[in-house]
Amino acid sequence: MDHEFALAFNLLDEATGRIQTQQYGITRILFHNHGDILLTTVHDYSRDTGHRLVLLANDDHGQMAAVEATAPDLETDPTTRILKVRAGDLTFHAVPGSWAYRATARRHTYTLTAGIGDQPMWTTTIDHRAPVAYDDLDAALRPIFDHHAARPAA
């Protein structure tokens with residue numbers, strides 16, 4: 001499948017490790033083990049919100065993924081989340097307060113939701129249709145890609 005979710009999941013670990021050591025401001029990461037992509041961090045801190053590190057991955061076609069690690073201080077294990085990820089020619093953005101990612105294109109909305117606990121592993125919702133459950137990510141993305149490819153550009 002043509003998606004960068006696997007990279008985004010790997011970048012969560014990278015962001016967790018870097019929040020304690022990465023300097024503040026914007027930093028390009030020249031040496032990493034994620035292939036031929038550009039990694040950049042944006043690390044800021046305030047007494048009110050604590051530490052926030054955003055890790056951006058880009059290739060020749062644009063942004064592949066963005067992940068975030070946050071922590072109130074450097075001694076606390078950070079909380080991580082995927083902010084956005086590219087899948088085919090769609091970019092999925094995190095839906096605040098959920099484990100869902102949403103992309104819009106050609107007046108259609110595609111929602112991909114990760115399951116928690118007893119829920120299905122992934123569910124896909126296209127526009128306002130009923131969600132459909134899938135056991136793996138590639139299977140969940142396939143109907144989104146098929147629907148999107150079947151719709152001509154406006």
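**Entry 1**

I began with Glu14, which counts as buried because its relative accessibility is 16%; buried means under 20% relative accessible area, exposed over 50%, and partly exposed in between (1.4 Å probe, protein chains only). Before going further, I noted that this is a predicted model, where local features need pLDDT of at least 70, side-chain atom pairs count only at pLDDT 80 or more, and totals for chains, interfaces and linings use all residues. Residues are numbered from 1 along each chain as its sequence is written, and side-chain values use heavy atoms, with hydrogens and water left out.

Which residue forms a salt bridge with Glu14? I found Arg18, with the closest N and O atoms 2.7 Å apart. By salt bridge I mean a side-chain nitrogen of Lys or Arg within 4 Å of a carboxyl oxygen of Asp or Glu. Both residues sit in helix α1 (residues 5-18), 4 residues apart, which is about one turn of the helix. Helices (H or I, at least four residues) and strands (E, at least two) are DSSP runs, numbered from the N terminus. Arg18 is buried too, at 18% relative accessibility.

Glu14 also has a polar contact, side chain to side chain, with His34 at 2.9 Å. For that term I need a pair of N or O atoms within 3.5 Å; within protein, one must be able to donate a hydrogen and the other to accept it, and residues adjacent in sequence count only if both atoms are side-chain atoms. His34 lies in the loop between β1 (25-29) and β2 (38-46). Is His34 buried or exposed? It is buried, with a relative accessible area of 18%. Leaving out residues up to four places away in sequence, His34 touches Leu7, Asn10, Leu11, Glu14 and Leu39, where contact means heavy atoms within 4.5 Å.

**Entry 2: the other salt bridges**

How many salt bridges does the structure hold? I count 4. Side chains of opposite charge can pair when their charged atoms come close.

Glu68 pairs with Arg52, the closest N and O atoms being 2.4 Å apart. Glu68 is buried at 8% relative accessibility, while Arg52 is partly exposed at 33%.

Arg86 has its salt bridge with Asp59, again with a closest N and O distance of 2.7 Å. That pair links distant parts of the chain, 27 residues apart: Arg86 is in strand β5 (residues 79-87) and Asp59 in strand β3. I noted Arg86 as buried at 13% and Asp59 as partly exposed at 24%. Shared partners also join Arg52, Glu68 and Arg81 into one salt-bridge network.

**Entry 3: the nonpolar core**

Next I looked up the largest nonpolar core, which has 37 residues. Such a core is a set of buried Ala, Val, Leu, Ile, Met, Phe, Trp, Tyr and Cys residues joined through side-chain atoms within 4.5 Å. Its residues with the most contacts inside it include Phe5, Leu11, Val67 and Leu141. Helix α1 gives the largest share, 6 residues. I also checked Val67: its contacts, beyond four places in sequence, include Ala8, Leu12, Leu55 and Arg81.

**Entry 4: a loop residue**

Last, I looked at Pro96, in the loop between β6 (90-94) and β7 (100-105). Pro96 counts as exposed, at 71% relative accessibility.
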